[in-house]
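Here is a friendly briefing on the pockets of the structure shown below. Have it open as you read, and follow along.

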Amino acid sequence: MNIIEFVSVSKHYRMGEVNVTALDKVNFSVAEGDFVAITGPSGSGKSTMLNLMGCLDIPSAGEILVLGKSVASMSESELDSLRSRTFGMIFQSFNLVPVLTAQENVGLPLHLQQLSRGEIRQRAMAALQAVGLERFAGFKPDQLSGGQRQRVAIARALACRPKLMLADEPTASLDTENAMALVDLMKKLNTEQGVSFVFSTHDERLLQHVNQVVELHDGILTGLPAAQKVAAPLSLMGARQ
Ligand SMILES: Nc1ncnc2c1ncn2[C@@H]1O[C@H](COP(=O)(O)OP(=O)(O)O)[C@@H](O)[C@H]1O
Ligand SMILES: [Mg+2]
C-alpha cells in the first residue's frame with residue numbers, strides 16, 4: 001500500500017485580488033522504501049507539496065490518501081497521530097531548542113507519547129547513534145556545526161519511528177560538503193533501515209545521488225527524463241562529524 005497518494009491535488013492561495021495556483025492537479029505517490037527528491041525553482045510549489053503530504057495543510061481540490069485512507073475523512077485526533085507518528089518532519093532551519101542538549105532535543109517529541117523516561121533516553125540515544133552523533137549527545141546546538149545540527153534534527157524525527165520522513169530543503173543551510181554528507185546519511189537510513197524519504201532541493205548537485213526525482217514548475221509536477229536520472233554510487237563520503 002502507498003504511504004501517500006495525491007489524486008489530482010491542487011492548492012490555490014488568495015493574495016488580495018490575485019489567485020495563486022501553488023499546485024496544479026498533481027498526481028503523485030510514495031511507496032514504502034521510496035527515496036524521492038522534489039526539485040524545482042523557488043516558488044514552484046515544493047513547500048506547499050511537502051506541507052500537504054505532512055497533513056499540515058489541506059488541498060483546495062483533489063484528494064490525499066494516507067495509508068489508503070482519505071485525509072479529508074479523518075478526525076483531528078487521527079490527523080494529530082499522523083503528524084506525530086507517521087511522518088517525521090525536517091526543516092531547512094533545523095528548529096532545535098537552543099537550551100537543550102542534542103539528546104534532550106531528540107527526546108522532546110517522545111514526551112508526547114506515553115513512554116518512560118528510560119525508554120525516551122534509550123530511543124534518543126539510538127537515534128543519535130543512527131546519525132553518527134552519539135558522542136555529541138550532551139552538546140547544545142550552538143556547540144555543533146550546521147551539518148551536525150541537521151543530523152540532530154533527523155535523529156529527532158527518527159526517534160518517533162515514522163513511516164516517512166519529509167524534509168523541506170534540508171540541505172539549504174549547509175555548505176556543499178555537508179549537504180552531500182546529509183544526502184548520503186538519508187540514503188543510508190533508507191537502504192539500511194528502510195526509512196522512506198521525500199525531500200525537496202533546488203541543488204542540482206545533490207540529485208546525482210537520488211534515483212527518483214520529480215520536478216515542479218509553477219505547480220505542475222513532472223518526472224525528469226530517464227536519461228537525467230543518475231543513480232551514482234554513494235562513495236563520496238561517509239558520515240562526517
Ligand atoms: N501562505 C501563502 N499565501 C499565499 N501564497 C503562498 C503561500 N504559500 C505559498 N504561496 C505561493 O505559492 C507558490 C508556491 O510556493 P512554495 O510552495 O513555497 O514554493 P517553493 O517551496 O518551491 O519555493 C508561490 O507562488 C508562493 O508565493
Ligand atoms: Mg519552499
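Which element supplies the largest share of the lining of the second largest pocket? That element is α4, with four residues. Please keep in mind that this is a predicted model.

- On the helical side, α3 (102-107) and α4 (117-130) each contribute at least two lining residues.
- To find the lining, look for L100, Q103, E104, G107, L108, H111, R117, I120, R121 and A124.
- Sorted by class, the lining holds four nonpolar, three polar and three charged residues.

**The largest pocket**

- Here the volume is about 310 Å³.
- The lining of the largest pocket consists of 14 residues; if you want to find its centre, R83, S84, F87, M89 and P109 are the lining residues that lie nearest to it.
- Three elements, α2 (76-86), β6 (87-91) and α5 (146-158), each provide at least two residues of this lining.
- Among the contributors, β6 has the largest share, with four residues.
- Eight nonpolar residues take part in the lining of the largest pocket, along with four polar and two charged ones.

**Side by side**

Note on methods: Residues numbered from 1 in each chain as written. Chains lettered and ligands numbered in written order. Predicted model: local features only at pLDDT ≥ 70, side-chain atom pairs only at ≥ 80, totals over all residues. Heavy atoms only, no water. 1 Å grid on protein atoms, 1.4 Å probe; cavity = no way out; pocket = protein on both sides within 12 Å on 5 of 7 lines; lining within 4 Å. Points joined across faces, edges and corners; volume = space filled by probe spheres on them. Nonpolar A, V, L, I, M, F, W, Y, C, P; charged D, E, K, R; others polar.
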